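Please read this briefing alongside the sequence and the structure shown below. It is meant for a reader who is new to both.

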Amino acid sequence: LLTFVSAIFVVVFYLLVGVFGYLHFGNAVKETIIRQPVTNPTAQFAYAFGQLVMGIVLILSYPLLCDPCRGTVEGALTLIIGDSAAWKAGAAVRSK
């Protein structure tokens with residue numbers, strides 16, 4: 001129930017930000033904010049900083065996304081190969 005309420009809260013928040021942003025700026029904003037031209041030097045710095053932070057987030061989130069995939073592949077190989085001694089030896093080497 002808490003997850004559902006949290007999801008509804010996030011959707012309502014995003015909708016409010018979108019609606020009030022459209023009411024404030026109207027059609028002056030392009031469909032993608034990345035394509036919006038930046039002319040103010042302070043805004044250019046903020047834009048470059050935002051790009052840098054997004055790059056760091058993408059780099060650091062990649063291992064977190066790959067770990068469940070590794071676990072799934074390892075579990076599938078365990079089912080296919082079976083509980084062989086060679087597989088256990090490989091797992092013991094990886095865990096050290």
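What follows goes through the helices, the nonpolar surface, the aromatic pairs and the cysteines in turn.

This is a predicted model, in which local features need pLDDT of at least 70 and side-chain atom pairs count only at pLDDT 80 or more, while totals for chains, interfaces and linings use all residues. Residues are numbered from 1 along each chain as its sequence is written, and side-chain values use heavy atoms, with hydrogens and water left out.

**Helix 1 and its end**

- Helix 1 covers residues 2–25, where helices are DSSP runs of H or I with at least four residues, numbered from the N terminus.
- Just after helix 1 comes G26, which takes a positive phi of about 65°.

**A nonpolar patch**

- L1, F4, V5, I8, V12, L16, V19, F20, Y22 and L23 make a nonpolar surface patch of about 1,100 Å², and Y22 is found in helix 1.
- Such a patch is made of residues with over 30% relative accessible area and no salt bridge, the nonpolar side chains (Val, Leu, Ile, Met, Phe, Trp, Tyr) being joined within 5 Å and like charges within 9 Å; a salt bridge is a side-chain nitrogen of Lys or Arg within 4 Å of a carboxyl oxygen of Asp or Glu.
- Accessible areas come from the Shrake-Rupley method with a 1.4 Å probe, and for residues only the protein chains shown count as cover.

**Aromatic pairs**

- The structure holds two aromatic pairs, counted when ring centres of Phe, Tyr or Trp (its six-membered ring) lie within 6.5 Å, with planes under 30 degrees apart called stacked, over 60 edge-to-face and the rest tilted.
- F13 and Y14 form a tilted pair, because their ring centres are 6.3 Å apart and their planes lie at 45°.
- F13 is partly exposed at 46% relative accessibility, whereas Y14 is exposed at 59% (buried is under 20%, exposed over 50%, partly exposed in between).
- F45 and F49 are stacked, at 6.4 Å centre to centre with 20° between the planes, and they are separated by about one helical turn because they are four residues apart in helix 2 (residues 41–81).

**Cysteines**

- The count of disulfides, meaning pairs of cysteine sulfur atoms within 2.5 Å, comes to zero.
- The sulfur of C66 is 6.5 Å from the closest cysteine sulfur, in C69, and is therefore too far for a bond.
- C66 is partly exposed at 31% relative accessible area, and C69 is partly exposed at 47%.

Conventions. Buried means under 20% relative accessible area, exposed over 50%, partly exposed in between (1.4 Å probe, protein chains only). Helices (H or I, at least four residues) and strands (E, at least two) are DSSP runs, numbered from the N terminus. The expected span of a helix is 1.5 Å times one less than its number of residues.
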